[in-house]
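Look at the sequence and the model together.

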Amino acid sequence: MHSGRLAQIPVYAVFSFYNKLAKANFIRSGVKSMDLKIALAGNPNCGKTTLFNSLCGMHRHVGNFPGVTVEQSYGVPVSFPQARIIDLPGIYSLHPYSEEERLTCRFLLEQPPQAIINIVDAGNLTRNLYLTMQLITLDIPMVLALNMMDEVQKQGITIDTALLSEHLGVPVIPISAANHDHVDTLLQKAVFVAQNDLHPHPIPNTDFPVVRRCIQTVSGVLQPHLPPNATTWRFWTECVIEREIPLTSEVIPSHKKEERSPKPFVLFSPPDKKETDIISRAITELEQRCGTDSRVILADMRYQMITQLCSRALHGKPEPYMTPPQRTLDDFFTHPLLALPLFFCVMWFIFCCTFQWIGPFFSQLVSYDLEKLGILLQHGLEEIHVSAWIQNFICKGILGGVGSVISFLPIILTMFFLLSLLEDSGYLARIAFVMDAPLRRIGLSGRCLVPMLIGLGCTVPAVMATRTLSSNKEKTKAILLTPYISCSAKIPIFTMCIAAFFPRHRVILLLFLYLFGLIIGLLVCALFSRISGDHSVDSFILELPPYRLPKIKNVLLLLWEKAREFLYRAFTLIFLFSVFLWLLQSFDLHAHPTSDQSQSLLAAMGRSLIPLFAPLGLNDWRIPTALFAGFGAKEAVVGTLCLLTGTTAQTAAPALHNLFPSVPSLFSFLTFVLLYPPCIAATATIRREWHVRAAALRIIVLQCIVAWISAFLVYHVSSLFF
């Protein structure tokens with residue numbers, strides 16, 4: 001999924017430009033809506049998002065582990081702007097367990113598209129075609145895309161696409177989404193089947209007469225109760241036989257009672273008692289004849305049909321899923337005793353590169369350039385005789401606040417670069433597998449590691465990644481845990497403060513801060529489990545992706561996306577905060593201009609918070625002011641401190657020694673920053689994902705209490721040693 005050359009990046013830029021141009025022309029043409037909807041559906045990690053990017057010229061994040069896509073993405077294909085492409089989260093079956101799987105199934109059932117592009121991994125047809133067999137029962141025009149054909153051909157394997165198309169009853173197109181091979185042909189075929197309403201041919205099950213009779217009996221009873229013009233009778237019939245829905249209800253309920261489904265699936269009017277008895281007898285007879293549960297019977301039927309089909313369509317001996325060297329790596333990376341120490345060593349290396357070897361070097365270069373820019377800007381304004389008030393506003397209010405944050409961009413990009421290498425290689429999925437056992441002790445599973453690692457970058461996508469969790473209680477615990485994972489927005493704060501006091505011990509202290517936040521979050525989850533009295537965890541099934549060399553294109557696109565996001569925040573939200581705070585510090589309580597910060601309106605607001613922070617050893621009014629700015633964006637804490645002290649991030653050491661007269665006060669400040677609530681965007685995401693109105697308020701109150709108590713304890717305990 002991650003193939004591609006660096007030279008292809010300009011092509012994506014051109015695609016993106018034409019994509020926007022196509023949207024504009026489409027709107028100007030007077031068309032109010034895009035009538036042709038084409039959905040991308042398939043197993044996790046099969047290349048859906050890569051195909052979506054290739055079709056629409058977009059740059060959605062892709063990763064070499066399941067669960068990267070957790071929400072629908074919409075785009076307009078470059079070559080056919082009259083259509084709309086919907087990238088759906090990956091699913092293994094149409095019987096959903098987690099929220100992102102329910103989202104996909106709900107979309108396909110309640111808002112059926114005009115066509116489905118079913119993406120399958122050509123190197124693993126046996127597993128991927130199981131979902132294909134179910135999608136065919138929806139009776140929606142469909143095209144089967146055999147992705148990663150370049151990797152299959154390298155193994156000397158050929159696939160008889162004509163035979164697959166004949167037996168499945170849908171067109172089959174071999175593609176390589178990462179290389180943009182035959183992608184346009186795939187889109188043309190999808191548009192063709194959608195415009196001509198070419199429904200899949202039903203797959204014959206002549207080899208299973210007992211199952212066929214049961215399906216005929218149940219479908220004959222159910223069809224009169226289906227909505228008018230319903231064509232998905234085969235899907236509903238199999239759902240009833242597999243006991244996925246009750247016959248006495250008019251809706252499809254959630255899979256488990258504790259799960260919360262925002263909107264139920266409308267099914268049909270319930271059959272009467274006589275019809276229900278007919279269906280029950282047919283299912284019971286099927287189970288008695290086959291000697292097992294009806295779910296197992298239908299699953300076994302599908303897999304037998306898939307196995308027979310693949311044995312005829314595949315030619316050549318496929319290579320094993322993993323080569324002997326890769327198996328050796330797996331034995332090493334997932335070893336019960338060595339896996340966690342190895343992961344700690346890997347993270348230590350990442351922190352050393354980020355905060356000591358690579359990141360600070362480039363950060364100093366950026367800071368030097370910004371300093372030169374400030375001097376040139378100052379001289380330029382003096383030359384044209386701009387008033388001192390305007391000079392102060394531009395050079396200190398704007399450049400001082402925004403520039404101090406931008407200087408930390410290289411450090412953040414260094415961390416994302418190294419983490420993206422781990423992600424593309426397939427190593428992160430192995431860590432999730434290893435962490436399953438220890439996380440189960442507090443009611444979580446190894447799947448929670450994905451939101452935790454994403455939280456190192458940003459809390460917003462980390463909270464959204466909790467949709468991959470099947471249990472609502474486990475999702476609640478994961479949402480509670482995620483804000484305690486230090487996001488990249490806190491890196492400038494930690495780096496500036498620790499470099500001022502402990503320049504030789506930056507790595508160990510920063511790593512300790514990350515571990516301390518994780519420990520506090522795990523303790524909060526454990527306390528929640530004890531209070532709720534529920535320690536049960538659903539079974540954890542994870543498909544380990546194959547090892548792959550990281551692709552430079554994916555890494556560079558990810559870095560560009562993160563840099564653009566960081567700069568956007570710097571020149572919007574942090575810019576506004578800097579201007580607002582500069583205005584507050586430039587006027588006193590009577591709205592008169594003042595050059596004395598201690599008499600400003602901002603100082604008065606900060607002093608009102610001193611009684612709350614004095615027990616933490618934080619007695620300077622500028623500290624609570626900076627912390628308050630951090631509620632909007634954590635990067636604003638650095639900008640505020642630099643603005644209030646009249647320094648830059650690289651020259652703030654003397655001012656920070658005045659703000660924090662003792663080491664315990666610094667530790668208290670870092671602890672509070674580490675644990676206090678996330679930014680407004682993350683809080684809003686928590687509110688949306690938790691489906692509870694007071695959820696955001698609870699998170700804020702809980703984290704404020706935890707942060708205050710932790711900072712209080714850190715301050716007084718460290719005072720015994722420093």
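What follows takes these topics in turn.

This is a predicted model, in which local features need pLDDT of at least 70 and side-chain atom pairs count only at pLDDT 80 or more, while totals for chains, interfaces and linings use all residues. Residues are numbered from 1 along each chain as its sequence is written, and side-chain values use heavy atoms, with hydrogens and water left out.

Start with strand β5, which spans residues 142-147. Helices (H or I, at least four residues) and strands (E, at least two) are DSSP runs, numbered from the N terminus. Is this strand covered or open? It is mostly covered, since six of its six residues are buried. Buried means under 20% relative accessible area, exposed means over 50%, and partly exposed lies in between (1.4 Å probe, protein chains only). In a regular strand the side chains alternate between the two faces of the sheet. In β5, M142, L144 and L146 are buried on one side, and V143, A145 and N147 are buried on the other.

Next, consider the neighbours of β5. Two strands pair if DSSP finds at least two bridges between them. Strand β4 (residues 115-121) runs parallel to β5 and is joined to it by six bridges. Within this pairing, I116 stands opposite M142 of β5. Between the two strands the chain passes through helix α4 (residues 125-136), and this β-α-β crossover is right-handed. That term applies if, with the strands pointing away from the viewer, the path from the first strand over the helix to the second runs clockwise. β5 also pairs with strand β7 (residues 172-174), again in the parallel sense, over three bridges. There, L144 has V172 as its bridge partner.

Now turn to the rings. Rings of Phe, Tyr and Trp (its six-membered ring) pair if their centres lie within 6.5 Å; planes under 30 degrees apart count as stacked, over 60 as edge-to-face and the rest as tilted. The whole structure holds 22 aromatic pairs. One of them is the stacked pair of Y130 and Y303, with 4.8 Å centre to centre and 25° between the planes. Y130 lies in helix α4 and Y303 in helix α11 (residues 294-313), so the pair ties together parts that are 173 residues apart in sequence. Y130 counts as buried at 11% relative accessibility, whereas Y303 is partly exposed at 36%.

F351 and F355 form a tilted pair, 5.4 Å centre to centre with 50° between the planes. Both lie in helix α13 (residues 339-357), and because they are four residues apart, about one helical turn separates them. F351 is buried at 2% relative accessibility, and F355 is buried at 1%.

Ring pairs also link F332, F333, F343, Y427 and Y547 into a cluster. The charged end of R430 sits over the ring of Y547, 4.1 Å from its centre. A charge sits over a ring if NZ of Lys or CZ of Arg is within 6 Å of the ring centre and within 35 degrees of the ring normal. K634 places its charged end over the ring of Y676, 4.5 Å from the centre.

Finally, the cysteines. A disulfide is a covalent bond between the sulfur atoms of two cysteines. How many disulfides does the rule give? With a disulfide taken as a pair of cysteine sulfur atoms within 2.5 Å, the count is zero. The sulfur of C448 has its closest cysteine sulfur in C525, 8.0 Å away, which is too far for a bond. C448 is buried at 2% relative accessibility. For C679, the closest cysteine sulfur is in C458 at 6.1 Å, also too far for a bond. C679 is buried, with a relative accessible area of 12%.
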